[in-house]
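Hi everyone, thanks for making time.

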Amino acid sequence: MHEPPYPTELKPYGKALLDLARRREEVLCLSGDLTRQCEIDLFQAELPERFIHAGMAEANMMGMAGTLARCGHIPFVHTFGVFATRRPYDQIANAIAYPNLPVRIIGFMPGVSTPGGPSHQAIDDVALMRALPNMTVIDVADAVEVRQVVEAIVDVPGPVYVRLKRGEIPVIFDEEHLLNLDRAEVLTEGTDVALFASGMMLAAALSAARVLGEHGVSVSVVNVPVIKPLDTVTVQGVAAEAKVVLTAENHSVIGGLGSAVAETIAEAGLGRPLRRIGLRDTFAEGSMSGPYLFEKYGLSTRSLIEATWAALGRPGAAPAVPVAIVETGEYSPV
């Protein structure tokens, strides 16, 4: 893994999808009128005959994708996460999930990673997609995993939902890192805290673990790219070795990673205190500053450290956190 501040990469998804499509003729690309914003302008320019502009009609786009999948194609469907899940939910359920079709739904700008306010913030998309039978739900952490997720999901049976950050993507992992859809990955091992993180919260989790380690707190950080089906074996094993369990997600604490981990450790009979880092049953405001929103709604490295410190009952104030460097271009408007 790289040490922070992390380098960034531009448009890793768009490049990876085009590379896959060059090799797999059954791959189609659908856009919900957010072609450039979802990095698929690259696909449109090179393979226009396999590109479908569905317009701002997401429900119809999902129906089209289901039909194309029935005809032997593998449609990759693109729009912002909130428009990929909440708006066309009934069509996804009936035209894609129920018939268990190989449609890959790619939702950009998850959680509070968008400046658009509640109408654009997908803070419940994981909960919605988790509830659908047959649906695989993935939240990748960095540019290396973004590049790998396209190839990883193309042959997964049934539908897949993937959350992706837009714009400049941090590079956390080295090139030898392998995205595994079957296993959560234990990145650091500790005995005090089991910290499970997904997507954009992994960088904060690793930073929190470093600071806590400097103050005598031993933390296991687990990268959980696949929220459904959850790797319950790893979750149970790591949680059993810790005094406290924390989860971190760029999503509501209701129905997402925190809920999945809670269900797993409860069903296993593990009596561990649990703290869930995420949005606390609230809509978020709009802002042109990503770090501001992550800080305001308790999704920062500082929030993780303070939650850990309190859960362990450590005396005094929690350790201070270095000031984060804001990513250039992170909040470019639509």
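I'll go through a strand, a helix, some rings and a few backbone details.

First, the ground rules. This is a predicted model, so local features need pLDDT of at least 70 and side-chain atom pairs count only at pLDDT 80 or more, while totals for chains, interfaces and linings use all residues. Residues are numbered from 1 along each chain as its sequence is written, and side-chain values use heavy atoms, with hydrogens and water left out.

Let's start with strand 13, residues 244-252. Helices (H or I, at least four residues) and strands (E, at least two) are DSSP runs, numbered from the N terminus. When I say buried, I mean under 20% relative accessible area; exposed is over 50%, and partly exposed is in between, with a 1.4 Å probe and protein chains only.

Which strands pair with strand 13? Pairing here requires that DSSP finds at least two bridges between two strands. Strand 10 (residues 193-197) pairs with strand 13 in the parallel sense, over 5 bridges, and there Phe-196 stands opposite Thr-247. Strand 14 (residues 274-279) also runs parallel to strand 13, joined by 5 bridges, with Arg-275 as the bridge partner of Leu-246.

Now to helix 5, residues 89-97, where Ile-92, Ala-93, Ile-96 and Ala-97 are buried. They sit on the same side of the helix, because they cover an arc of only 120 degrees around the axis. That arc is taken from the directions from the helix axis to the C-beta atoms. What do the buried residues of helix 5 pack against? Their partners are helix 3 (58-70), helix 4 (81-85), strand 5 (104-108) and helix 6 (125-130), with contact meaning heavy atoms within 4.5 Å.

On to the rings: there are 2 aromatic pairs. Rings of Phe, Tyr and Trp (its six-membered ring) pair if their centres lie within 6.5 Å; planes under 30 degrees apart count as stacked, over 60 as edge-to-face and the rest as tilted. Tyr-13 and Phe-108 have ring centres 5.7 Å apart and planes at 80 degrees, so this pair is edge-to-face. Tyr-13 belongs to helix 1 (residues 12-23) and Phe-108 to strand 5, so the pair ties together parts that are 95 residues apart in sequence. Both Tyr-13 and Phe-108 are buried. For Phe-80 and Phe-83, the centres are 6.3 Å apart and the planes at 15 degrees, so that pair is stacked. Phe-80 is buried at a relative accessible area of 1%, and Phe-83 is buried at 11%.

Last, some backbone details. Lys-228 and Pro-229 are joined by a cis peptide bond, with omega about -5 degrees, and Pro-229 falls in the loop between strand 12 (226-228) and helix 9 (232-240). Which residues have a positive phi without being glycine? One is Glu-39, at about 70 degrees, which is buried with a relative accessible area of 3%. Another is Asn-100, at about 60 degrees, in the loop between helix 5 and strand 5; Asn-100 is partly exposed, at 36%.
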